[in-house]
Amino acid sequence: IFAFGGGFVTGSKTEASMVRLCQAFARRGFVTASIDYRLGMNISDEELSKRAVYRGLQDGRSAVRFFRRNAATYGVDPNQIYISGHSAGSFVAYHNIYLDKDSERPASTRNYLGRADLGGLDAIGDNKTYPNGTLVSGKANGVMGFAGALGELAYIEGAADVPAVYFHSSDDGTVPYNSGEPFSSLSWLPGFNLPTVYGGNQMNNRAGTVSAPRTFY
C-alpha cells in the first residue's frame, strides 16, 4: 500500500511516483495499491497540526483493514500486508506501525480547543470485523518509508516492533534527516509553527538502542 506525499495539503493517489512504484512492485509479483487519505494541515499551531498526521494514520489503517478483510478477493496473504509512502505519506506509513496504542495519541487528537475527538485508531472506515465478530487489525506487517519522520521517538519500542525499512537523504530540506521542524526554510513566516519531528537518522538511532527491527538507507 503506497501513500503519496504533499505536506498533508496536496496530492492524490494518482501522483506519478506512487503509480510508478506500484507498477514496479507489481512487476515483481506484489499486489499493490495507491491510496488517498484526508488532507488539511494547521500550520500555525504545532499541536493542532498533529491532527493531520493522525487522520492520515486512521485512513492508512482503514486501507490495511480493507485488504486484510478482503484478502481472498484480491489473492493476498492477510498476514503479509505492507505500507509505504513518501514524505507526508511516509508519516502515514511510519505512524501506522509505531503509533499503535490509544494511549500514544497526541492530546490534540482528542477533544481539544473546541475540536471534536477524532476517535480511536480504527474509528474511520469499514472492514472492522470478520464474520465471526473478531476485530480486523489495521496495523501493517511491515513498513517502507521514503523521507518521512515520527512525531515521537518513544513510539519505537523494541524487538517486538514490526520490521521497517527507512530511506532518507541527509540533505533533505523538507523533512529533517535528524530532528526539527518540517519546512524549516519557511519557519521565518509569521504564524508558521509546526512540531519537532524525528527523521530517518534519529529513527534509526532509536531503533538500534531498543533493538527494533529495521534497515536504514
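Colleague: How many nonpolar, polar and charged residues are in the lining of the largest pocket?
Modeller: There are 16 nonpolar, 5 polar and 1 charged. Ala, Val, Leu, Ile, Met, Phe, Trp, Tyr, Cys and Pro count as nonpolar, Asp, Glu, Lys and Arg as charged, and the others, Gly among them, as polar. The model is predicted, so local features need pLDDT of at least 70 and side-chain atom pairs 80 or more, while totals for chains, interfaces and linings use all residues. Numbering starts from 1 along each chain as its sequence is written, and side-chain values use heavy atoms, without hydrogens or water.

Colleague: Which residues lie nearest the centre of that largest pocket?
Modeller: Ile1, Phe30, Val31, Gln80 and Tyr82, out of 22 lining residues. A pocket is an open set of points on a 1 Å grid over the protein atoms alone where a 1.4 Å probe fits, with protein on both sides within 12 Å along at least five of seven lines; lining residues have an atom within 4 Å of a point.

Colleague: And which residues are nearest the centre of the second largest pocket?
Modeller: Met41, Val53, Phe91, Pro195 and Val197, from a lining of 30. That lining has 21 nonpolar, 7 polar and 2 charged residues. Helix α2 gives the most to it, with 5 residues.

Colleague: New topic: at what angle do α2 and α4 pack?
Modeller: About 70°, with the axes of α2 (residues 46-69) and α4 (residues 88-98) 8 Å apart. That makes α2 roughly perpendicular to α4 (65 to 115 degrees).

Colleague: Which α4 residues does α2 meet?
Modeller: Phe91, Val92, His95 and Asn96, with contact meaning heavy atoms within 4.5 Å. On the α2 side are Val53, Gly56, Leu57, Gly60, Arg61 and Val64.

Technical notes:
Axes are lines fitted to C-alpha atoms, for helices over the stretch in contact, and angles run from 0 to 180 degrees between N-to-C directions. Helices (H or I, at least four residues) and strands (E, at least two) are DSSP runs, numbered from the N terminus. Angles under 35 degrees count as roughly parallel, over 145 as roughly antiparallel, 65 to 115 as roughly perpendicular and the rest as oblique.
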